[in-house]
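Here are a few exercises to work through with the model open beside you. Take them one at a time, then compare with the solutions.

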Amino acid sequence: MESKGISLIPKKLVKLKEPVNPNEHLLLNRSFLFLWLSSTFSFLALSTYLFAEQWYIVRELKQEAVLGIVLMVTMIPRIFLMTIGGVWADRIKRSRIMLFSSLTRCILVLMMILFLQLSWLQIWPLICFAVLFGCVDAFFSPANSSLLPIVVSKSLLTRANSFIQGSNQIAMFSGPMIGGLIITLSASFKVLFLIVAVFLFITFIFSSFIREKQPEININNKHHTSTKEELKEGFKYVWNMPFLKNLIVILIIVNFFFFGPLLIGIPLLVNNVLFGEAIDLSILQGSYEIGMLLGALLIGTLNLTKRKGLVILILISLLGIALATLGQINSVWQGVILLLIMGIFSSVINVLLITSIQEKSHEDKIGRVMSIVNASSNGLVPLSYAFVSLSLFINFSISHMMLFCGILIWIISMLYILKSKTIKDYD
C-alpha cells in the first residue's frame with residue numbers, strides 16, 4: 001500500500017544515544033563548537049586555496065586560457081567523489097574522516113610550497129595537485145554535515161545549521177579577501193599557500209576534539225557490503241522516499257535555473273544594462289553576501305521547527321519572482337535591495353533544506369543522503385553556467401534570461417505546493 005509524504009519514513013531507525021542534553025544551550029555543546037570551527041576553517045582554506053590557485057595561474061604562470069580547466073579539475077572530482085565520501089561517512093567514524101581529509105590536504109599544500117621553492121610548480125604539477133586536493137576535500141563535507149545530527153539534539157538542528165551555514169558563507173567570502181591582502185602585503189605565493197596549510201592544520205586540530213558517539217547498529221546490518229552496493233542502497237533509499245526525492249529535485253531546479261543566471265548575470269547587468277563601474281559590481285555582489293549572512297542569523301534566531309517544507313516552497317517561489325524582477329532593474333539601488341532580499345531567502349532555504357534532510361534521513365544512511373544532495377545540486381552548477389552562456393550566444397539577453405528562469409522557478413514551486421494533498425506532505 002502506498003503511503004504519503006512523511007509516513008514513508010521507516011519506523012525502526014537506528015537508535016542513537018543522545019550526545020548532549022536537549023535542554024543544553026547550543027554554544028555550551030563542546031562537540032558542536034569544534035564541529036562548527038572545523039567546518040569554518042575548512043571552507044576558509046578551500047576558498048583561499050581557490051583564490052591562490054587562480055591568481056598563481058594568472059600572475060605567475062600567465063596562462064589565463066587554462067584557468068577554467070584547472071578550476072574544473074579541482075571542483076569536478078570533489079563533486080563526484082562526495083558520493084563515495086557519503087558511504088564512508090556511514091561506515092567509519094566521521095570525525096576520523098575529517099581528520100584524514102584536513103591533514104592530507106595540509107600535506108598536499110606543503111608539498112606545493114616545496115615545488116614552488118624548487119620552481120617546479122608549473123601548470124601540469126599544479127593540475128595534479130588540484131585534482132588531489134579536490135578528491136581529498138570531497139570526503140570532508142559528507143562527514144561534516146552528517147555528524148551534526150549526532151552531536152546536536154533535533155530541536156536545535158535548525159539553529160545549529162544556521163550557525164554553520166552562516167560561518168561557511170563568511171569563510172567563502174573572506175578567503176579571497178585574505179588572499180588578496182596577503183599578496184598585496186607580501187607579494188609571495190609561498191606565504192599565501194602557507195596560510196592555507198595553517199587553516200587546514202587548525203581544521204585538523206579542531207576535528208580531533210570532536211566527541212562522536214557511535215550509533216547502536218542493528219545486528220541484522222552487520223554483514224559487510226561493497227562501496228558500490230552501499231551507494232546503490234543510498235540512491236534507492238532517497239528514490240523511495242517522496243519527501244527526500246522532492247527536496248532534492250527542488251534543490252536541483254533552484255541550482256540550475258537560479259545560480260547560473262544570477263552569478264553570470266550580475267556582472268552583465270552592471271556592464272550592459274546599468275553601464276556601471278567595478279565598484280557597482282562589488283556593491284551588488286556584496287549585497288547578496290550580506291543577505292546570505294542576515295538570512296542565516298534570522299533563521300537561527302527563529303529556530304523554525306514546523307512546516308519547514310511549506311516555508312521552503314514559498315520562499316523559492318518568491319526567489320523566482322525576485323530573479324525575474326532583477327533582470328528588469330535600471331539602477332544600482334534597486335539591485336541592492338533585490339539582491340539583499342534574495343540573499344536572505346537563499347540562506348533560509350539552504351538552512352531549512354539541510355535541516356529537513358538531516359531530520360528525515362535514517363541515521364545509518366545520512367552520510368550517503370547528504371553526499372547525494374551535495375553532488376546532485378553542485379554538479380549541475382557548471383551546466384547552469386553553460387546553459388546561460390549558450391543562451392547569451394544566441395543573443396538571448398541576460399534580462400530576458402533572468403525573467404524566463406525566474407518565472408519558471410515560480411511556476412515549478414507553485415506546482416509543488418498545489419500538488420500536495422495536505423501541507424504535511426512537505427513537513
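**Exercise 1.** How many disulfides does the structure hold?

*Solution.* This is a predicted model, where local features need pLDDT of at least 70, side-chain atom pairs count only at pLDDT 80 or more, and totals for chains, interfaces and linings use all residues. Residues are numbered from 1 along each chain as its sequence is written, and side-chain values use heavy atoms, with hydrogens and water left out. A disulfide is a pair of cysteine sulfur atoms within 2.5 Å; the structure holds 0 of them.

**Exercise 2.** Work out how F32 and W36 are arranged.

*Solution.* Start with the search of the whole structure, which finds 16 aromatic pairs (Phe, Tyr or Trp rings, using the six-membered ring of Trp, with centres within 6.5 Å; stacked under 30 degrees between planes, edge-to-face over 60, the rest tilted). F32 and W36 form a stacked pair, at 5.9 Å centre to centre and 20 degrees between the planes. Helices here are DSSP runs of H or I with at least four residues, numbered from the N terminus.

**Exercise 3.** Which parts does the pair of W36 and F163 tie together?

*Solution.* First, the geometry: W36 and F163 are edge-to-face, with 5.0 Å between centres and 75 degrees between planes. Then the location: W36 is in helix α1 and F163 in helix α6 (residues 157-186), so the pair ties together parts 127 residues apart in sequence. Finally, W36 is buried at 19% relative accessible area, while F163 is partly exposed at 26% (buried is under 20%, exposed over 50%, partly exposed in between; 1.4 Å probe, protein chains only).

Conventions:
Helices (H or I, at least four residues) and strands (E, at least two) are DSSP runs, numbered from the N terminus.
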